[in-house]
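Please keep the sequence and the 3D view side by side while reading.

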Amino acid sequence: MSEDVARKIIMLGKLLKSFSEVSKVKINLFLILAFSLHVLLSFIVKDFAWLASFGALLGVIAILLIASQSFLADYETEIYHLHLEKTPNEMVVGGFNFGSHVKDESKIKEILEKRKIEFSKKYKNVIYYLVLTIIGTLIWAYAGFLNKLFFV
C-alpha cells in the first residue's frame with residue numbers, strides 16, 4: 001500500500017515538474033484560447049455557465065502551476081543550500097556530503113548572489129499564478145450573473 005502511495009506521489013511530482021517547464025507564453029496563449037472558446041460557447045448556448053467553467057479551469061491550472069513552482073524542492077539545489085545566517089562562514093558546493101568546502105568570504109558572497117538569482121528566477125511567476133487563481137475563482141463565482149445582463 002505504501003509503495004502504491006509513493007508511486008503516485010512520484011507520478012504527481014513528475015506531472016508538476018512538467019508544468020514548470022512549459023513557457024509562460026504557451027500558458028498564456030492556451031488560457032486566451034480557452035477563454036475565447038468559453039465566451040463563444042456561452043453566447044452560442046446562451047448560458048454563461050460555460051464561462052464559469054473556464055473560471056474553474058483557470059483556477060485549477062493556476063494552482064497546478066503554483067505547485068510546480070513552489071512545492072517541489074530539488075534537494076540538490078535548494079534544501080542542501082539553505083543557510084540560516086545571512087553570510088555563512090563556510091559553504092558546501094557541489095553536494096551536501098561530498099561537495100567542496102568554501103571558506104573564502106568573496107567566493108561565499110559570489111555563490112550566495114548566484115543562488116539568489118536562481119531563486120528569483122524560479123519563484124518570480126508564483127505571484128502571477130496566484131493572481132490567475134483569484135481571477136479564475138471570481139469568474140467561476142460571478143459568471144452566472146451575466147445571464148441576467150445578456151439573456152433576459
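A patch, as the word is used here, is made of residues with over 30% relative accessible area and no salt bridge, and nonpolar side chains are joined into one when they lie within 5 Å. The model is predicted, and what follows should be read with that in mind.

On the surface, Leu-130, Ile-134, Leu-138, Tyr-142 and Phe-145 form a nonpolar patch, and together they have about 530 Å² of accessible area. One of these residues, Leu-138, has its place in helix 5, which covers residues 126-142.

Setting aside residues up to four places away in sequence, Thr-133 touches Gly-59, Ala-62, Ile-63 and Ile-66.

From here the reader can turn to the interior. In soluble globular proteins, nonpolar side chains tend to be buried together. The largest nonpolar core of this model has 18 residues, and those with the most contacts inside it are Leu-31, Tyr-129 and Leu-132. Helix 2 (24-45), helix 3 (49-70) and helix 5 each supply at least two residues of this core, while helix 3 gives the most, with eight residues. Leu-132, again not counting residues up to four places away in sequence, touches Leu-31, Leu-58 and Ala-62.

Methods
Residues are numbered from 1 along each chain as its sequence is written. This is a predicted model: local features need pLDDT of at least 70, side-chain atom pairs count only at pLDDT 80 or more; totals for chains, interfaces and linings use all residues. Side-chain values use heavy atoms; hydrogens and water are left out. Patches are made of residues with over 30% relative accessible area and no salt bridge: like charges are joined within 9 Å, nonpolar side chains (Val, Leu, Ile, Met, Phe, Trp, Tyr) within 5 Å. Accessible areas come from the Shrake-Rupley method with a 1.4 Å probe; for residues, only the protein chains shown count as cover. A salt bridge is a side-chain nitrogen of Lys or Arg within 4 Å of a carboxyl oxygen of Asp or Glu. Helices (H or I, at least four residues) and strands (E, at least two) are DSSP runs, numbered from the N terminus. A nonpolar core is a set of buried Ala, Val, Leu, Ile, Met, Phe, Trp, Tyr and Cys residues joined through side-chain atoms within 4.5 Å. Buried means under 20% relative accessible area, exposed over 50%, partly exposed in between (1.4 Å probe, protein chains only). Contact means heavy atoms within 4.5 Å.
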